[in-house]
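Please have a look at the sequence and the structure before I go on.

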Amino acid sequence: MTDRKKTYPTTSSDILRRIGFTSDDMPDLLLDDDPPVSPNTDLAQTLRMRLACLQERHAFAPGDLVTWKPGMANRTAPGPGRPALVIEVLAEPVFDPTQEAGRPYFREPLDIVLGLLIEEGEHRGDFITLYLDSRRLKPWQGEVRA
């Protein structure tokens, strides 16, 4: 009889390390990277944590700097960990009428207008505004680099 060692599923951090990503600044795809009791238990815990994060509200005002909450970025801008400037907090959210049921943005309450700079390409440095769901944002705590 051979002694078999218990194996755990490969974590997201393991995969990223194997392909050369070793930065400590890189966020974990799952907040708890310990071997799960079962994949479904870990998924259920992560879903509950994401819901709690989404439900945590912040009172924003024009001039505040904000960034994505962990695991809440559903757009490409602002970039991960990058700040955006609150331009306006809408009294009533707007909804994108072009989105159909079954799409991730369907009925998403866009209740905050952010300003940010394009960071790459031909329009680098241009100022743009975006409408987003403020539940996905938190106050930005970093320092602005010149």
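How many salt bridges does a search of the whole structure find? The search finds four, where a salt bridge is a side-chain nitrogen of Lys or Arg within 4 Å of a carboxyl oxygen of Asp or Glu. Please keep in mind that this is a predicted model, in which local features need pLDDT of at least 70 and side-chain atom pairs count only at pLDDT 80 or more, while totals for chains, interfaces and linings use all residues. Residues are numbered from 1 along each chain as its sequence is written, and side-chain values use heavy atoms, with hydrogens and water left out.

Let me begin with R75 and E108, whose closest N and O atoms are 2.6 Å apart in a salt bridge. Because R75 lies in the loop between β1 and β2 and E108 in the loop between β2 and β3, this pair ties together parts that are 33 residues apart in sequence. R75, at 29% relative accessibility, is partly exposed, whereas E108, at 7%, is buried; buried means under 20% relative accessible area, exposed over 50%, and partly exposed in between, with a 1.4 Å probe and protein chains only. R75 and E108 also belong, together with R136, to a network of salt bridges.

Turning to another pair, E119 and R82 meet through their side chains in a salt bridge of 3.1 Å, N to O. Finally, R135 forms a salt bridge with D133 at 2.6 Å between the closest N and O atoms, and here R135 is partly exposed at 27%, while D133 is buried at 2%.

Technical notes: Helices (H or I, at least four residues) and strands (E, at least two) are DSSP runs, numbered from the N terminus.
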